[in-house]
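Here's a quick briefing on the model shown below. Have a look at the fold first, then come back for the details.

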Amino acid sequence: MVTHQLGKDFSERLAGQIKGLLEQLYVPCEILCLKDKLELDIDAPIREASSRFGASQQLAFVVKYIGVGRMTSRKPQNNKVILEFTLWDSGLRKVVWRTEATFIDASPLDQDAAAELIEELAHAELL
């Protein structure tokens with residue numbers, strides 16, 4: 001369903017958009033895609049990536065919901081996508097910020113979501 005609605009490389013596109021916007025604000029970052037949920041220690045790759053440049057926070061996102069509205073003229077309308085973003089602080093060892101972003105018929109979703117995320121982080125004074 002995710003691949004059909006958002007495209008097969010949606011997560012990579014969104015992560016790239018976020019990284020590009022953060023780099024414009026001089027926020028060092030690295031993209032890490034966790035695809036193998038069967039790893040015994042899922043946090044190991046995150047700790048390793050964070051240690052490469054001393055990152056104290058990790059931003060994660062998941063596609064929380066995808067819903068298709070009605071079909072009109074063979075084109076789906078009122079598509080709804082909910083993304084959840086979480087900011088983890090390694091020093092505090094807890095989630096310090098979380099938000100959901102809901103998009104209806106947004107296109108291109110990766111650009112819209114990245115821009116909204118950066119705006120939310122700035123509004124929360126986390127950038």
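In this predicted model, I82 stands opposite T102 in β5. Strand β4 (residues 80-89) is joined to β5 by ten bridges, with the two running antiparallel. Two strands count as paired if DSSP finds at least two bridges between them.

**Ground rules**
- Since the model is predicted, local features need pLDDT of at least 70 and side-chain atom pairs count only at pLDDT 80 or more, while totals for chains, interfaces and linings use all residues. Numbering starts from 1 along each chain as its sequence is written, and side-chain values use heavy atoms, leaving out hydrogens and water.

**The sheet**
- β1, β4 and β5 make an open antiparallel sheet, in the order β1-β4-β5.
- β1 (57-67) and β5 (94-104) sit at the edges with a single partner strand each, so one side of each has no neighbour in the sheet.
- Helix α4 (residues 109-123) lies across β1, β4 and β5, at about 140° to β5; axes are lines fitted to C-alpha atoms (for helices, over the stretch in contact), with angles from 0 to 180 degrees between N-to-C directions, and contact means heavy atoms within 4.5 Å.

**Whole chain**
- The protein chain has four helices and five strands, which are DSSP runs (helices H or I, at least four residues; strands E, at least two) numbered from the N terminus.
- Along the sequence the pattern reads α-α-α-β-β-β-β-β-α.
- Of the 127 residues, 24% are buried, meaning under 20% relative accessible area with a 1.4 Å probe, protein chains only.

**Helix α2**
- The buried residues of α2 are F10, L14, A15, I18 and L22.
- Y26 follows α2 and has a positive phi, near 60°.

Terms used: Buried < 20%, exposed > 50% of the residue type's maximum accessible area, 1.4 Å probe, protein only.
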